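Please have the sequence and the structure in view while reading.

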Amino acid sequence: MPGTKLLLIDDDKAYCTSLGRLLAMEGFEVEVAHTAEAGFAGAAGQQHELVLLDVMLSPGDGRKVLQRIRSVSQVPVIMLTARGDEADRISGLEGGADDYLPKPFHPRELVARIRSVLRRRSAPMPANVMVIADLEIHPGSRLVLQTKEGEGQQEILLTGAEFDLLLLLVRAAGEVLSRDDLAQGALGRSVAPFDRSIDNHISSLRKKLGNKIDGVERIRSVRGNGYVYSNQSRSEP
């Protein structure tokens with residue numbers, strides 16, 4: 001993906017110089033922001049295909065920057081977190097991050113994560129509209145509409161990972177999909193032991209879509225197996 005523009009938001013200038021040089025060697029164009037305000041301004045400009053956002057900004061808070069970014073843009077975001085800080089990873093995913101990577105990490109893994117996220121965003125999808133219960137899903141435009149009683153249709157804003165995850169679940173409605181199957185399909189990678197990324201994305205989907213449809217659990221967890229979307233009737237007009 002030569003010429004792909006990335007925005008790196010991190011307050012460690014020496015680290016940014018080193019990482020930026022490595023990413024440039026892989027063909028990426030890297031812009032760097034060292035503060036929360038500069039990072040948000042850069043992301044809000046919507047001139048980058050992906051944002052790398054460090055949780056620990058000084059001054060500032062990467063999680064709050066993510067919330068502000070999500071208020072104006074659905075640009076893919078990969079959070080860079082301290083190793084072992086589960087709370088940061090959970091809050092990042094629930095706040096709308098597409099993926100996370102704990103520091104320290106191997107540059108090749110970061111490049112693989114970046115390419116995976118970008119590949120999912122650029123992959124062509126069929127134009128058919130999918131209708132299942134209260135949802136209308138447009139794979140081609142990555143649009144999700146939900147019909148709410150007394151309110152009509154409303155657009156539901158999902159991150160790239162959330163959209164891909166929902167599409168996988170809906171297409172297999174009534175069938176259990178394992179966490180690894182979901183991670184491969186939605187994140188482009190396997191889940192490591194204690195990796196809660198899929199669970200956190202599911203939690204976010206439940207919050208955005210509502211946990212139940214006519215009293216039936218929308219996305220049900222199957223202990224030791226994975227998740228299954230409620231087997232409501234669906235059609236493709």
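## Helices H2 and H3

In this predicted model, helix H2 (residues 36–44) packs against helix H3 (residues 62–72) at an angle of about 20°, and their axes are 10 Å apart. Because angles under 35 degrees count as roughly parallel, H2 is described as roughly parallel to H3. The crossing of these two helices, H2 and H3, is right-handed.

On the H2 side, the contact is made by Ala36, Glu37, Phe40, Ala43 and Ala44. H3 contributes Val65, Arg68, Ile69 and Val72. Sorted by class, the contact of H2 with H3 has 7 nonpolar residues, 2 charged residues and no polar ones.

Helix H6 covers residues 160–171. At 1.5 Å a residue, its 12 residues should span 16 Å, and the end C-alpha atoms are 17 Å apart, which agrees.

H6 is mostly covered, with 10 of its 12 residues buried. Among them are the charged residues Glu162 and Asp164, as well as Phe163, Leu165, Leu166 and Leu167.

## Helices H6 and H7

H6 also packs with helix H7 (residues 179–186), at an angle of about 125° and with the axes 9 Å apart. That angle makes H6 oblique to H7. The crossing of H6 and H7 is right-handed.

From H6, the residues Ala161, Asp164, Leu165, Leu168 and Leu169 meet Leu182, Gly185 and Ala186 of H7. By class, this contact of H6 with H7 has 6 nonpolar, 1 polar and 1 charged residues. Asp164 and Leu165, both part of this contact, are also on the list of buried residues of H6.

Technical notes
Residues are numbered from 1 along each chain as its sequence is written. This is a predicted model: local features need pLDDT of at least 70, side-chain atom pairs count only at pLDDT 80 or more; totals for chains, interfaces and linings use all residues. Side-chain values use heavy atoms; hydrogens and water are left out. Axes are lines fitted to C-alpha atoms, for helices over the stretch in contact, and angles run from 0 to 180 degrees between N-to-C directions. Helices (H or I, at least four residues) and strands (E, at least two) are DSSP runs, numbered from the N terminus. Angles under 35 degrees count as roughly parallel, over 145 as roughly antiparallel, 65 to 115 as roughly perpendicular and the rest as oblique. A crossing is left-handed if the near helix is turned anticlockwise from the far one by less than a right angle, and right-handed if clockwise. Contact means heavy atoms within 4.5 Å. The expected span of a helix is 1.5 Å times one less than its number of residues. Buried means under 20% relative accessible area, exposed over 50%, partly exposed in between (1.4 Å probe, protein chains only).
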